[in-house]
Amino acid sequence: MPAISVILSTYNNPQWLEKALWGYRAQTFRDFEIVIADDGSGAETARCIERMRAATGLDLTHQWQPDDGFRKCRILNQAIQRSSAEYLVFSDGDCIPRDDFLETHFRLREWGRFLSAGMLRLPLALSYAISPEDIVSGRIFSIPWLRAQCEGEDQPNWAKLNRLRLGPLMSGAFNRGTTTRPTWNGANASGWKTDLIAVNGFDQRMEYGGEDCELGDRLTHIGVLPKQIRYSAYVLHLDHSRGYIRYEALRRNREIRDATIANQSRWTPHGIIASQMPLAIDPIKVTPTHLDSRVDEDPASR
């Protein structure tokens with residue numbers, strides 16, 4: 001059993017997925033698998049995954065469903081079921097993790113909490129220009145390198161990029177001092193599999209827009225509280241169009257989330273199990289083996 005299962009969502013963007021997977025090849029923490037939650041991509045994505053499995057040696061599982069509109073929540077639930085580890089890290093196939101990304105999530109994990117992090121957005125031209133060597137070498141997280149690649153209106157938000165300079169002590173201080181409320185962020189969040197099962201995973205009625213935060217609301221209602229790590233664990237988000245946004249779906253998502261908050265809902269009947277009532281509402285509080293046996297282990301030794 002790996003220490004971490006990474007659940008990586010994707011849909012018909014193999015070029016970005018390949019860049020993201022090179023980021024996982026560069027991780028200092030090596031005891032992980034990746035379950036790719038594929039919401040109906042075509043054959044090119046499958047070929048990309050096979051090619052990257054051979055090129056990187058990563059443990060990749062391709063969880064696929066037919067394309068029938070935006071059903072990300074459904075495929076994420078399938079990926080949760082398919083995962084092997086006790087601890088799950090969630091991100092997207094258009095996000096490149098820094099080399100200490102998984103090491104940081106593993107080090108800061110805490111029983112009874114989920115971790116809430118964020119991302120730094122890159123302009124479209126730079127997103128295309130990044131090479132595998134740029135990723136594996138780590139220079140894409142160098143502020144001088146990023147400055148040199150962008151001009152004029154394509155310049156990223158430099159105030160946000162300065163977060164990359166923060167070491168562990170300063171990032172911890174910024175995490176404690178920020179006024180940003182921690183939520184479950186689909187591009188960069190993590191938690192215990194037992195907790196996600198306890199709230200029945202993602203609500204499959206929801207399309208794009210707040211579906212990840214709604215899961216976090218239900219986790220909070222069972223006593224699994226968010227922990228802010230937005231200044232500690234980083235991914236770079238590659239730019240792309242969002243043709244899947246539907247404003248009617250955004251309105252419906254908002255209604256579902258408002259009801260979850262108003263009713264203090266701890267379970268969705270539209271999740272992993274299609275049931276109105278869970279067999280056990282609260283997560284089973286059993287100390288995971290990894291929490292004691294590996295918490296002080298040097299991730300670079302794996």
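Before the details, a word on how to read the model: it is predicted, so local features need pLDDT of at least 70 and side-chain atom pairs count only at pLDDT 80 or more, whereas totals for chains, interfaces and linings use all residues. Residues are numbered from 1 along each chain as its sequence is written, and side-chain values use heavy atoms, with hydrogens and water left out.

Let me start with the chain as a whole. Its secondary structure comes to 13 helices and ten strands, where helices (H or I, at least four residues) and strands (E, at least two) are DSSP runs numbered from the N terminus. Of the 302 residues in the chain, 54% are buried; here buried means under 20% relative accessible area, exposed means over 50%, and partly exposed is in between, with a 1.4 Å probe and protein chains only. The chain exposes about 13,400 Å², and carbon and sulfur atoms supply 51% of that area, which was computed by the Shrake-Rupley method with a 1.4 Å probe, and for residues only the protein chains shown count as cover. If we take contacts, meaning heavy atoms within 4.5 Å, between residues at least 6 apart in sequence, then 83% of them join residues at least 24 apart.

Now to the strands, and to the pairing of β1 and β2. Strands of a sheet pair through backbone hydrogen bonds, either parallel or antiparallel, and in this work two strands pair if DSSP finds at least two bridges between them. Strands β1 and β2 run parallel and are joined by seven bridges, and one example is S5, whose bridge partner in β2 is E33. Strand β2, residues 32–38, is mostly covered, with seven of its seven residues buried. Which residues of β2 are buried on each side? On one side they are F32, I34, I36 and D38, and on the other E33, V35 and A37, so that both faces are covered.

Q63 counts as buried because its relative accessibility is 13%. Leaving aside its neighbours within four places in sequence, Q63 is in contact with V35, I36, A37 and D38, and also with I75, Q78, A79 and R82.

Elsewhere there is an open sheet of three strands, in the order β5-β10-β7 and with mixed pairing. Its edge strands, β5 (95–97) and β7 (120–121), each pair on one side only. Between β5 and β10, residues 235–237, there are three bridges, and these two strands run antiparallel; I96 has L236 as its bridge partner in β10.

After α11 comes G223, with a positive phi near 95 degrees.

A cavity, on a 1 Å grid over the protein atoms alone, is a set of points where a 1.4 Å probe fits but cannot get out, and lining residues have an atom within 4 Å of a point. Grid points are joined across faces, edges and corners, and a volume is the space filled by probe spheres set on the points. The count comes to one cavity of 30 Å³ or more, and the largest cavity has a volume of about 70 Å³. Which element gives the most to its lining? That is β4, with three residues, while β1 (4–10), α3, β4 (87–92) and α11 each supply at least two. Among the lining residues are I7, K72, W184, E211 and D212.

On cysteines, a disulfide is taken as a pair of cysteine sulfur atoms within 2.5 Å, and the count by this rule is zero. C48 is buried, with a relative accessible area of 0%, and C213 counts as buried at 16%.

Last, some backbone angles. Most residues other than glycine have a negative phi. N200, in the loop between α10 and α11, has a positive phi near 70 degrees and is buried, with a relative accessible area of 1%. Q264, in the loop between α12 and α13 (289–293), also has a positive phi, of about 55 degrees, but at 47% relative accessibility Q264 counts as partly exposed.

Conventions. 1 Å grid on protein atoms, 1.4 Å probe; cavity = no way out; pocket = protein on both sides within 12 Å on 5 of 7 lines; lining within 4 Å.
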